Amino acid sequence: MNAAFAGELRRLRELSGLSYRQLASLSTVSHTQISDLEHARRRPTPDIARALDEALHACGRLTAMLRTPAPQDVEGELEAIELAQRSAASDVSDGTLTRLERAFDETARGYATVPPADLLPRVRRHLRYVEQLLAGRATLGRHRRLLVVGGWLSLLRATLHIDLQQRTAAGAHLSTAAELSGQSGHAEIAAWCLETRAWDRLTRGDFRRAVELSQHAQAIAPADGSAIVQATAQEGRAWARLGDAQATRDALGRVGRMAEHREMPEHPEHHYRYDPAKAHSYAATTLAWAGDPAAEQVARDVITELEAEGARPRRIASARLDLGLALLAGKPRPEEAAQQARVAMRSGRIVPSNWWRVVEVVDGVTASGVPEAGDLREECEALRPADEG
């Protein structure tokens with residue numbers, strides 16, 4: 001929380017063009033306190049957050065960051081589902097399945113904002129319950145629904161393990177998700193499994209394999225699903241890393257055409273529902289990786305859009321890294337690139353598997369020789385999450 005608050009305070013202060021002393025003169029918070037808060041050396045209090053919100057005309061953004069959501073009572077939720085299951089006098093009831101499916105959807109929507117380490121226990125417990133139900137009796141239709149929800153939960157669990165760089169666990173749960181998708185005949189889950197493997201390969205620098213997996217995912221994905229769009233975007237990213245400008249543009253064009261005909265889902269934050277607005281974010285990343293001059297403006301537009309929406313902090317942090325990389329190309333502006341990297345790092349929203357992108361920007365700033373490069377690298381190393389293997 002301190003790191004996220006620090007990053008947001010710095011962003012708001014710099015957006016207002018105020019120094020520490022100028023902000024202190026407009027509030028009841030001293031300039032040394034403000035400095036400590038921005039460097040996460042001091043824990044913010046509600047009174048301090050309110051005072052800074054008022055001075056920065058931030059409409060309560062800082063205060064809202066101190067309101068941590070109530071912890072999810074996963075055990076209580078499962079007990080309620082199990083009680084309803086027993087009262088139905090059958091091994092697996094429709095009501096139980098519906099509630100499990102709803103629980104998965106809620107968890108997948110939480111992926112955008114909840115740290116992976118916090119979300120993982122919830123997914124693990126739901127999978128354990130699905131395993132118990134699969135050992136019982138059920139009609140063919142209900143058994144298939146259990147396989148499907150188990151497949152989705154296994155896929156989400158694998159994604160969280162990838163985020164945390166827990167490769168062995170990720171591979172095991174991806175295999176389980178693929179097996180359950182095969183048993184249930186669910187092509188959308190099968191395609192997402194391949195797309196997720198492509199993303200994992202991309203983060204590890206195996207770009208050629210990422211292209212192959214992305215194309216395989218597209219080949220088996222339902223045309224009206226979300227996996228086909230996500231896999232096409234993943235292919236474009238991989239081509240950008242391989243330096244194939246034509247293939248990159250082709251993939252971006254296909255993503256754009258598919259996004260044009262997609263309606264906004266009821267819950268666009270759901271990790272497995274394609275949100276047409278994602279096309280803009282993916283374009284920023286792909287163009288930045290390809291070294292395209294258009295990347296800078298696209299990334300700035302994405303940041304503006306997401307900040308106005310106020311619900312996608314992880315994607316905002318990623319867009320800042322896109323902008324930082326774009327600022328190092330063409331006519332380099334390493335000072336601004338360094339600032340974007342700092343804000344992204346301090347947001348607390350960069351998952352371990354994506355930290356290599358922070359390092360990439362930091363390396364670019366270091367190569368430029370600007371004075372702040374040393375401090376930036378030191379901060380990067382201090383905040384860098386441990387590789388959990």
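1. A residue counts as buried here when its relative accessible area is under 20%. By that cut-off W152, at 11% relative accessibility, is buried. Keep in mind while reading on that this is a predicted model.

2. How far can you trust it overall? The mean pLDDT of the protein is 85, and 91% of its residues reach 70 or more. Helix α12 (residues 207-220) has the highest mean pLDDT among the elements, at 96. At the other end, helix α6 (residues 74-87) has the lowest, at 48.

3. Have a look at residues 83-90 as well, where the pLDDT is below 50. This stretch does make 11 contacts in the model beyond near neighbours in sequence. Still, where pLDDT is low, the predicted coordinates should not be read in detail.

4. Now the aromatics. There are five aromatic pairs in the count. One of them is F104 with W152, a stacked pair with 5.7 Å from centre to centre and 20° between the planes. F104 belongs to helix α7 (residues 94-110) and W152 to helix α9 (residues 140-163), so this pair links distant parts of the chain, 48 residues apart. F104 is buried too, with a relative accessible area of 4%.

5. What else does F104 stack with? The rings of F104 and Y272 have centres 6.2 Å apart and planes at 25°, and planes under 30 degrees apart count as stacked, so this pair is stacked. Y272 sits in the loop between α14 (245-260) and α15 (278-290), while F104 is in helix α7, so the pair ties together parts that are 168 residues apart in sequence. At 1% relative accessibility, Y272 counts as buried.

6. Two arginines are worth a click. R241 lies over the face of W289, 4.4 Å from the ring centre. R314 has its charged end over the ring of Y111, at 4.6 Å from the centre of that ring.

7. Helix α11 (residues 187-203) passes a simple length check. At 1.5 Å a residue, its 17 residues should span 24 Å, and the end C-alpha atoms are 25 Å apart, which agrees. The helix is mostly covered, with 13 of its 17 residues buried. Just after α11, G205 takes a positive phi of about 90°.

8. If you were wondering about cysteines, the disulfide count is zero. C193 is buried, with a relative accessible area of 3%. C380 is buried as well, at 1%.

9. Is E379 buried or exposed? This glutamate has a relative accessible area of 17%, and because that is under 20%, E379 counts as buried. E379 is placed in helix α20 (residues 373-383). Which residues does E379 contact, leaving aside its neighbours within four places in sequence? They are R342, M345 and R346.

Notes. Residues numbered from 1 in each chain as written. Predicted model: local features only at pLDDT ≥ 70, side-chain atom pairs only at ≥ 80, totals over all residues. Heavy atoms only, no water. Helix = DSSP H or I, 4+ residues; strand = E, 2+ residues; numbered from the N terminus. Expected span 1.5 Å × (residues − 1). Buried < 20%, exposed > 50% of the residue type's maximum accessible area, 1.4 Å probe, protein only. Phe/Tyr/Trp six-rings, centres within 6.5 Å; stacked < 30°, edge-to-face > 60°. Lys NZ or Arg CZ within 6 Å of the ring centre and 35° of its normal. pLDDT = per-residue confidence, 0-100. Contact = heavy atoms within 4.5 Å. Disulfide = S-S within 2.5 Å.
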